[in-house]
Every structure is written in C-alpha cells, then in structure tokens.
Amino acid sequence: METLIFFLFAALAVGSAIVVVTHKSPIYSTLSLVLTLLSMAVLFVLLGAPFLGAVQVLVYAGAIVVLFLFVIMLLNVQKEEAAHVDRGAQLWTAIVGVIAFLGMFWLAFWRTGLRIGGPAPQPLTQEFVALRTVAVELFGTYLLPFEMVGLLLLVAVIGATVAARRPGAPDNSVDDLPVYASGDEPRTDPLRSGPDPRRPSVAEPAYKTKEANV
Amino acid sequence: MNQELVATLLKYAVMFGVFINVAPIMNWVERRACAFIQDRPGPNRVGPLGLFQPLADALKFMFKEDVTPSMADKPLYLMAPALALLPAFTTFVLIPFGPDIQVNGRTVPLVVANADTGVLLFLAIASLGVYSLVMAGYASNNKFSLLGSIRASAQLISYELAMTISVLAVLIPVNSFRPADIVAYQQAHHVWNFIPQFLGFLVFLIAAFAETNRLPFDLPEAESELVAGFHTEYGAMRFALFFQAEYTNMAALAALGATLYFGGWSMDMFGIHYPHNWIGAVLGLATLIAKIAIAMAVYVWVRWTFPRFRYDQLMKLGWKVLLPLSILNLILVAALTVAGVY
Amino acid sequence: MSAVPISWYLLLSAILFGIGAIGALTRRNGIAIFLSVELMLNAANLTLVAYARQLGSHTGQVIVFFVMAVAAAEAAVGLALFIAVFRQRHTIDVNRMNLMRW
C-alpha cells in the first residue's frame, strides 16, 4: 500500500515538474507547480513528517504560489515564444547527459543493491510522527536559527516593499498624495530647467482671444 | 482494518449529508432574510413560504444553457468551478461532531479524520480555495473577472495570516492541534473559548468573513462594482457550483469557529454532558448543526447590514489592524498560559 | 521495515532537482526560472526529510522548515524585483535584461 502511494505521487510529482519546466504559459507552469507541491506534501507525510506536509501546503502551495500567480496576473506575463535552438547540439548534449545520468544511477544503485541510504530505517513510531518532538527540537536546540529566520522574513518584507514601490512617489497611500496645480510639479531631472513645455501652466490660457491681446 | 474503513465511510456519509444541504437551505434563508431586512416579502410563490424556491433554482440551473466565452482558456475555465468544491468538501472531515462512542467494544472517535495536525491541515486545505478564484478570473478573458481574481488572491492570503495566528492562540493552552482535544479542553474547563480569548475571537470572526468573500469583504464578486467579479462569465450549472462552494466554505469555517471558540458539539458550559453512546452522538451532531446555523444567520445578517469595504481599506484593515491585534492576542494568551491562569 | 527504501526517495529527489535545473537553465521567462528554482528547493527538502527518516532524527525536518521560510522570503523579494524591472523594461524575458553586457 505504501509502495502504491509512493509510486502514484512520485509519478505525479515528476509529471507535473516536467509540465512546469516545459509549458509555454506561465499560469499553467504555476498551477503544475501546485500539483508538484501537493504530491511532495503527501510524500512528506509518507516519510513521517505530517507537520511538514501541512506546512508545505499552507505556506508553499497556499501563499508563495498565490504570490506568483498574483504577480503573473498583475504584469500580464504572456506565453513564451519558442527559442531558436540548435537541434543538433541539443541532441548530442541530451545523449551525453542521459548516458551520464544512467552511469551515475548504475554506480549509485546497482552496485550497492538499491541501498544507498544505508540500512533500512526503523518503522515509524507514534513518538517520531508526533508534533511535540518537532516542536521540542525547533524551539529548543534550534531556537536561535528560528529567531534569525524571523528576522530574515522581516528584512524580506521591508526589501520587497521598497523594491516594488513606484519611483518618485513619496508614499503609496492614497490619502496623502500632494496636490499640485498643473505646471508646479517639482522637476526631478536636473538636466532640464524651466517649465515643462508639454504642460501649460495655470497662468497661460491654451488659446489667446482677441480680448486678452488688448 | 475493514471495520475502521466502514466506520470512516459512515462518518463521512453523515458529515457529507449535513454539508451538502447547506447551499439549498442557505439559498432560501438568504433570500428570505434579506427580504425581511429590506422590508419586502421575498420569494413566496413556490410552495408555502417559498420553501421550494431552491428546488426551482436547481431545476433552472440544470436546464439553462452553458455559455463558454470563445477566447476563454478552456481547460482552466472548465476546471475552476469543479476545483472550487474540493477544498470546501475536504475541510469538514476534520471537525468532530460528537463524543467518543463505544461500538462493539471499541472506542470510535466521531471525527472522520483524527489527524494529529488537525487544525493546521484544515487551514492548509482551506487556503487552497484561492486557486479556483484565480483560475476562474484569469481564464475568463474578461477585465472585470481578472480584477476580481487579483483582489481575491491578495485578500485571501492577507486575512489568512490573521486567522492562523488567532487560531494559534487558541491552541496554546490546549497543547494539541487536534480539534477533539480543543473540545475536550473546553469541556474540562466548562467555559467556551470565546470568553477567555475574546480578542482572538473577534479577529477570527472578521477574518472568516474575509476568507469566504462575504460582505463587507466581497470585493472579488461585488455586484455593483465588477459585474459579478470572477464568476462573471459563468452561467447555469457552473455558477451553481461556485455558489455551492461559497456556502459550503462558509459552513466549514463556521464549524471550525464553533469548534475552536464555542465548544463544538459539547454543551458542557451549561452543565449538560452528553453520554458516550448513540444518543450522545445524535445530540452532539444536532448541537454542532445548531451552532453552524446560528453562525450562518450571523453571516447573512451582517451581509445585508453593512456596506462594502473599498479595496485599500480592506488591505489596510487586514495588515495594519487585524494582524497586530492577533499577535497581541497571541502574546497575551501565551503570557497567561505560562502564568498558569489558562 | 519500511516498504519503500530511502534510496527511492533520494532518486526521486535527484530527478526533480535535475528537472528544475534544466528549467532554470533553459527558460527565458523570468517567472519560469523562478518556478524551476522553487522546484530545486523542494527536491532538496525531500532529500532532507528522507534522511531525517533514515537517521531517526528530527534535525532534517527542522532544516526543511527553515528552507521553506527562506524560500518564501526569496520569492517575495525576487517578485518585487521583477515588478521593479518590469516597470523599466516592460518585459520579463531575461535575454532583454542586458544593460550590463559588454
């Protein structure tokens, strides 16, 4: 039963990974990544880490990939056109790569009899799978890295907010945008002087009537 | 092994039977309640008090023509309504609906999946609900749908944070992620969690409205702003699927709120202790359904009372008000638990 | 005795890492490169959890937790940079971001 689940979700993970890497439309790539993440969450649970499986779905599939989708929709990223590839070179490189991979596979597995990780692991105990054990490790031995990761996330939030800001705007809040009369906006370009010829100032009307000329 | 499978299937059948009826009943309740609030009769032609109106609506949905926009992204467009139902109908397997009962000498906990990471799994699966909104909005090839789904994705992940932290605060005194343990804690202390954790309950309440796209947070599907938001291009049966998914999501979050803050299936705060047999199971299920019904009534009441939040007001509320409040609640609860009060 | 030897998980992780590496090297769309990098990170996570199971220790799982947090931070900053670059160049094609090429 465990073998069946493993093969099913491993095949799903590999299949959707290939779609991520090859599909032209970024939305389809992102949705295939979600499928990959969900199958990896199942594999985590199979490996005795249910907390990580739940966190994977909650954080990775539920927030990070939504951020990707949000940015794709905001920027209206189009489908990628096919690149000009040298098919001959691609074929040779692929053949060499496959031979290398199969050689590595043979070295790693067939000579050691499918036991690269060492002896078979102990069966899962209730204590290994329990949340309490992970929590004790996380908040005990690894408390300092935990706090540092929190600081890192804070830095990332600040960095992302600053990096994505519109250049020149004082603040992105709607309430305190400065109100300029036309022609009075401060010029940010030091190479130009004088009023902006594209925008008429308030003092000059767009047309001159006969009365004004008098 | 086989007995466990049969027990799980039976429990799932019970919960499924409860949650599949939410959408038709809520259809009637919503229309009659909104009519009552707006001082008009509401549907009253189809059957006594308009009680067969959901049936008429279902027939209409089945026979109406399904129109697909020509430039729509067909696979995503067709998959989105079906995908909307998946998280809605998966999350309720984690909600306990009665005390442990004794059957054939074995103790059967009355929850379909007694997962060790129960509440975390609930939040994780509920967070997958955003994908159907995103797919629907993107695939419709329609500016208003795209705007609706952009707003929906930003709104959902913002309020998910505040909700998760307020849920965390509930878990601190309980020392466990299982919903059954949370109910047991409330039973043992004879107090429902919304009294000692009132701030967290408020945050959860507001975040629950935002998570289910209900007014005053329903910008993704705002009728007067975005035509119909992300489900503009969906008619007939597909719209019915979105509709059903939204109400089932509401019911699932209401069930979670009832379990976390109102004692779930138990009434031990009033001194009533349910026996651990069939009668207790039925009473527990009835209590849970009653609590969910009251929560749904509050949902409807709020919807027809308040105006809608503007998008930037919505994001400000989520990040600048609810998130600090929920963190404050977490710190308070942690401090009080360490001090031994909780 | 588990039915699935750990080496199979490691092989799966290697395959996923390879697919991610191919994607990161081959695609021109910036978002697709990002997705391939996330795939590689996930493959590394799978290796860590597999070894946590093998050695009976939870260190691997804790490290995976940190890797997920760092991946979230990296995704946020990277996408913000994409938005900033997009404002200037109006494209995500990484071949067009060639201002510093000689």
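Ala126(B) is buried, with 24 other C-beta atoms within 10 Å; a residue counts as buried if 20 or more other C-beta atoms, placed from the backbone, lie within 10 Å of its own, as exposed if 12 or fewer do, and as partly exposed in between. The model is a predicted one, in which local features need pLDDT of at least 70, side-chain atom pairs count only at pLDDT 80 or more, and totals for chains, interfaces and linings use all residues. Residues are numbered from 1 along each chain as its sequence is written, while chains are lettered from A and ligands numbered from 1 in the order in which they are written.

Ala126(B) belongs to helix H5 of chain B; helices (H or I, at least four residues) and strands (E, at least two) are DSSP runs, numbered from the N terminus. Once neighbours within four places in sequence are left aside, Ala126(B) is in contact with Pro87(B) and Thr91(B). Contact here requires that the C-beta atoms of two residues, placed from the backbone, lie within 7 Å.

Two packed helices are described by the angle between their axes and the distance between the axes. Helix H4 (residues 74–91) of chain B packs with helix H5 (residues 118–127) of chain B at an angle of about 165 degrees, and their axes are 8 Å apart. Such axes are lines fitted to C-alpha atoms, for helices over the stretch in contact, and the angles run from 0 to 180 degrees between N-to-C directions. H4(B) is therefore roughly antiparallel to H5(B), since angles over 145 degrees count as roughly antiparallel, under 35 as roughly parallel, 65 to 115 as roughly perpendicular and the rest as oblique. The crossing of H4(B) with H5(B) is left-handed, a term used if the near helix is turned anticlockwise from the far one by less than a right angle, with right-handed used if clockwise. On the H4(B) side, Pro87(B), Thr90(B) and Thr91(B) meet Phe122(B), Ile125(B) and Ala126(B) of H5(B). The residues of this contact comprise 4 nonpolar, 2 polar and no charged; Ala, Val, Leu, Ile, Met, Phe, Trp, Tyr, Cys and Pro count as nonpolar, Asp, Glu, Lys and Arg as charged, and the others, Gly among them, as polar.

Chain B as a whole contains 12 helices and 2 strands, arranged along the sequence as α-α-α-α-β-β-α-α-α-α-α-α-α-α. Its C-alpha trace spans about 60 × 45 × 45 Å along the principal axes. Of the 342 residues of chain B, 47% count as buried. Among contacts in chain B between residues at least 6 apart in sequence, 78% join residues at least 24 apart.

Two loop residues of chain B deserve a look at their backbone angles. Most residues other than glycine have a negative phi. Leu49(B), although not a glycine, has a positive phi of about 60 degrees. Leu49(B) sits in the loop between helix H2 (22–37) and helix H3 (53–63) of chain B and is partly exposed, with 13 other C-beta atoms within 10 Å. His190(B), also not a glycine, has a positive phi near 55 degrees. The loop between helix H8 (179–189) and helix H9 (198–211) of chain B holds His190(B), which counts as exposed with 12 C-beta neighbours inside 10 Å.

Contacts between chains complete the picture. In the pairing of chain A with chain B, 19 residues of chain A are in contact with 20 residues of chain B. On the side of chain A that touches chain B, helix H2 (26–46) and helix H3 (50–75) of chain A each supply at least two residues, and H3(A) gives the most, with 13 residues. That side of chain A divides into 18 nonpolar residues, 1 polar and no charged.
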